[in-house]
Amino acid sequence: MTTLSDPPRESFRLSMLINDTRYRAYTFQFIALMLVLALFAYLGSNLVANLRAAGLNISYEFLGESSNYDINQTLIDYTSQSSHLRASIVGVLNTLLVAFLACVTATIIGVIAGVARLSPNWLVRKLMAGYVEAFRNVPVLIWIIIIFTIMTAVLPAPSAFRGEDPDASMLFGAVAFTNRGLYLPAPIWGPGSLVVVLVFIASIVGVFAYRRYATKLLYDTGKLLPMGWPSLAIFILPTLLVYFLLGRPITLEYPELAGFNFQGGTQILGSLIALWWALAIYTGAFIAENVRAGIQAVSKGQTEAAASLGLRPKRIMNLVVLPQALRVIIPPLISNYLNITKNSSLAIAVGYMDVTGTLGGITLNQTGRAIEAILLLMLFYLLISLAISALMNVYNNAMRLKER
Amino acid sequence: MKKTAIFGALTVAGLAAGAAGAATLDDVKARGVLNCGVTTGLVGFAAPDANGEWNGFDVGVCRAVAAAVLGDPTAVEFVPTTGKTRFTALSSGEIDLLARNTTWTFSRDVDLKFEFVGVNYYDGQGFMVPKALGVSSAKELSGATVCIQTGTTTELNLADYFRKNNMDYQPVPIETNAEAQQQYLAGACDVYTTDASGLAATRAAFENPGDHVVLPEIISKEPLGPLVRHGDNDWGDIARWTLNALIAAEEYGITSANAEEMAQGTDSPEINRILGTEGNLGEMLGLDADWAKRAILAGGNYGELFEKNIGENTPIGLSRGLNAQWTDGGLLYSPPFR
């Protein structure tokens with residue numbers, strides 16, 4: 001009789017690193033890692049050696065020095081006497097502002113266009129297909145420049161609003177479209193305006209509370225309360241009431257032509273508008289495709305089942321299709337938001353002072369600290385991108401298919 | 001695949017970083033071409049003509065250096081640079097010489113590690129406005145929107161000037177002169193500010209130059225000159241003395257027309273030394289004896305270059321002013337060739 005026995009345990013030999021499939025992969029990965037590390041070490045020492053040869057060093061002291069230049073859009077207090085660090089922060093805020101506006105607008109455009117691409121109406125479907133193909137396939141820099149050039153060339157200069165019989169006039173006497181941007185009335189917060197704002201916030205909370213109560217009532221008792229007009233009433237009425245009771249504490253300041261420009265009110269820079277809308281319509285086209293793909297990923301049987309239960313088409317979309325489609329839509333949406341943020345660095349093409357324009361542009365140029373400024377810039381974009389994707393991942397997890 | 005691309009990029013970056021630092025003269029001779037940084041286009045100073053040939057006052061400096069070093073004024077590769085890219089281009093070794101109406105300042109010289117080899121145009125910052133605005137002085141510009149080339153000293157001067165005079169303004173930062181021109185003509189800014197010579201050159205390119213005025217205020221000193229990298233003094237000397245040769249040539253009456261004739265020998269020892277018939281100045285520079293003669297023949301002496309490109313008989317119409325020879329009450333003063 002033969003006896004079965006385990007094969008004798010081989011002791012580890014050095015040649016097994018190459019010959020044994022169990023270890024070979026690790027060997028090569030280790031070698032590759034070493035090569036990469038060596039390359040980075042070489043590049044780093046090369047940089048240091050070249051900097052030393054040119055008599056330069058790495059130093060971030062310039063951030064504390066006064067910047068000596070002015071910026072046309074500052075969300076925080078800033079003068080030419082402020083430090084380079086503050087100029088960078090102004091730039092960061094400008095980047096975040098345009099990225100936020102463009103993300104919101106792109107999402108709205110994208111969802112509408114994506115749903116409309118699946119419309120049973122032939123004309124709507126083809127129009128949206130045209131929009132997606134045209135905007136997706138032209139570089140975003142071209143769109144930024146096109147919009148900006150059209151704005152400067154077509155819209156009137158502020159001087160056209162001057163005189164007895166001006167060439168241009170303000171819309172409703174309140175809004176001026178000029179080639180320097182949009183001038184809007186700005187609110188003046190008088191005494192008591194805080195109360196109005198608080199009431200407004202409270203009524204928003206009230207709307208949500210009412211809707212939640214109505215849903216609960218529907219589930220518990222089957223009684224259907226009207227949603228539309230009570231929400232609207234809760235939203236508007238208390239604020240209006242308080243506003244007039246307190247004697248209209250919030251007034252509007254209208255922009256007026258004074259000197260070279262409009263004074264008073266709020267100005268939205270032409271460069272901001274160009275950048276914002278170019279990013280929004282360009283990325284909107286990508287989001288539209290994501291939305292379409294997401295909706296088509298939901299099996300047709302779901303729609304048919306919902307229809308056979310008697311749901312109306314709008315409810316099928318809102319209650320059955322979109323919640324399932326969102327799971328497919330959100331992950332690519334995150335990368336679209338990241339793209340918007342990163343593409344906003346094209347701002348310099350129209351002279352919008354984002355962080356690439358201040359820290360990576362004027363500060364870099366006036367101090368000559370190229371390596372330091374670029375490293376800082378990379379760090380900023382890295383941080384902001386990671387933050388956006390972290391936030392969106394939280395949302396994605398909340399929306400994910402719950403596996404129980 | 002992804003890794004390969006990264007490796008490729010890193011290798012290129014590593015090689016590019018290793019290239020700078022060798023002796024520039026040897027590099028230029030080996031290459032047979034001088035890489036000269038100029039503006040992206042400023043009529044009169046550096047702009048390509050209808051045939052794609054670069055012409056202008058700064059271009060003349062490039063051609064003179066190429067003629068002195070390589071014996072051929074056309075052996076120049078012109079690299080258009082913006083206010084932002086010019087210094088990186090020079091310090092990375094992409095260009096050998098930067099002749100791009102660049103202001104000589106302390107920090108550029110000392111902190112950015114460049115060497116200004118002289119001044120080829122004494123300038124100052126001015127303002128241009130449309131006549132229709134009815135503005136006659138820069139002091140009336142409070143509240144104006146100002147177009148400005150970003151990455152220049154004018155940006156800093158502007159901030160200082162408005163702060164000093166307690167005026168506010170809205171800057172519109174712009175990359176190139178051509179963009180500034182378009183924005184200014186469209187009325188997107190009320191004022192365009194840059195060096196006065198640049199304003200004159202820009203205005204000359206307008207359809208109706210008469211509709212625009214350059215305001216009388218000059219708010220800064222802008223000595224414009226060619227520059228090279230720190231640390232290669234031999235190359236710096238060549239650029240410096242080529243420029244000085246052009247200036248001295250005007251002072252002593254050497255022109256592109258009579259340089260050949262004078263090179264036969266004159267009774268002025270200084271002219272003889274410049275033209276290489278006496279002494280061994282060329283040898284000291286590491287060039288041959290005829291270097292300065294070739295530089296002068298390339299486009300003429302300083303005065304000829306000025307008159308041909310930006311002088312009173314050109315559309316730009318600048319007078320010599322501060323840029324006259326010291327003997328005529330100007331600031332141009334070449335050290336002696338001895």
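This is a predicted model: local features need pLDDT of at least 70, side-chain atom pairs count only at pLDDT 80 or more; totals for chains, interfaces and linings use all residues.
Q: Which residue does B:Cys36 join?
A: B:Cys36 is joined to B:Cys62, with an S to S distance of 2.0 Å.

Q: Left-handed or right-handed, for B:Cys36 and B:Cys62?
A: The torsion about their S-S bond is about -65°, so this disulfide is left-handed.

Q: Are those two cysteines buried or exposed?
A: Both B:Cys36 and B:Cys62 are buried.

Q: What about B:Cys147, which residue is it joined to?
A: B:Cys147 forms a disulfide with B:Cys189, S to S 1.9 Å. B:Cys147 lies in strand E9 (residues 145-149) of chain B, while B:Cys189 is in the loop between helix H7 (177-185) and strand E11 (191-195) of chain B, so the bond ties together parts that are 42 residues apart in sequence.

Q: What is the torsion there?
A: For B:Cys147 and B:Cys189 it is about -95°, so that disulfide is left-handed. B:Cys147 and B:Cys189 are both buried.

Q: What pattern do the disulfides of chain B follow?
A: With bonded cysteines counted along the chain, the pattern is 1-2, 3-4.

Q: Switching to chain A for a moment: is A:Cys103 buried or exposed?
A: A:Cys103 has 12% relative accessibility, so this cysteine counts as buried, the cut-off being under 20%.

Q: Back to chain B. What is the strand order in the open sheet of 5 strands?
A: The order is E10-E9-E11-E8-E12 in chain B, and the pairing is mixed.

Q: Which strands stand at the edges?
A: Strand E10 (170-174) and strand E12 (212-214) of chain B do; each has a single partner strand, so one side of each is left without a neighbour in the sheet.

Q: By how much are neighbouring strands turned against each other?
A: On average by 25°, direction ignored.

Q: In which sense do E8 and E11(B) pair, parallel or antiparallel?
A: Strand E8 (residues 125-130) of chain B pairs with E11(B) in the antiparallel sense, over 4 bridges. Within this pair of strands, B:Phe127 has B:Thr193 in E11(B) as its bridge partner.

Q: Which strands does helix H8 of chain B lie across?
A: Helix H8 (residues 196-204) of chain B lies across E8, E11 and E12 of chain B, and runs at about 125° to E11(B).

Q: New topic: how many salt bridges over all chains?
A: The search of the whole structure gives 15 salt bridges.

Q: Which residue does A:Glu289 form one with?
A: A:Glu289 forms a salt bridge with A:Arg117, and their closest N and O atoms are 2.5 Å apart. A:Glu289 is in helix H8 (residues 270-297) of chain A and A:Arg117 in the loop between helix H3 (84-116) and helix H4 (122-136) of chain A, so the pair ties together parts that are 172 residues apart in sequence. A:Glu289 and A:Arg117 are both buried.

Q: Which residues are linked in a network of salt bridges?
A: A:Arg117, A:Glu289 and A:Arg292 are linked in this way.

Q: In chain B, which residue does B:Arg240 meet in a salt bridge?
A: The side chain of B:Arg240 meets that of B:Glu115, at 3.2 Å from N to O. B:Arg240 lies in helix H9 (residues 233-252) and B:Glu115 in strand E6 (residues 114-116) of chain B, so parts that are 125 residues apart in sequence are tied together.

Q: How accessible is each of them, B:Arg240 and B:Glu115?
A: B:Arg240, at 21% relative accessibility, counts as partly exposed. B:Glu115 is buried, with a relative accessible area of 15%.

Q: And B:Glu250, which residue does its side chain meet?
A: B:Glu250 and B:Arg320 meet in a salt bridge (2.9 Å, N to O).

Q: Finally, what is the radius of gyration of chain A?
A: Chain A has 30 Å, whereas a compact globule of 404 residues would have a radius of gyration near 22 Å. The C-alpha trace of chain A spans about 110 × 75 × 45 Å along its principal axes.

Methods:
Residues are numbered from 1 along each chain as its sequence is written. Chains are lettered from A and ligands numbered from 1 in the order in which they are written. Side-chain values use heavy atoms; hydrogens and water are left out. A disulfide is a pair of cysteine sulfur atoms within 2.5 Å. Buried means under 20% relative accessible area, exposed over 50%, partly exposed in between (1.4 Å probe, protein chains only). Helices (H or I, at least four residues) and strands (E, at least two) are DSSP runs, numbered from the N terminus. Two strands pair if DSSP finds at least two bridges between them. Axes are lines fitted to C-alpha atoms, for helices over the stretch in contact, and angles run from 0 to 180 degrees between N-to-C directions. Contact means heavy atoms within 4.5 Å. A salt bridge is a side-chain nitrogen of Lys or Arg within 4 Å of a carboxyl oxygen of Asp or Glu. The radius of gyration is taken over C-alpha atoms; the globule rule is 2.2 Å times the number of residues to the power 0.38.
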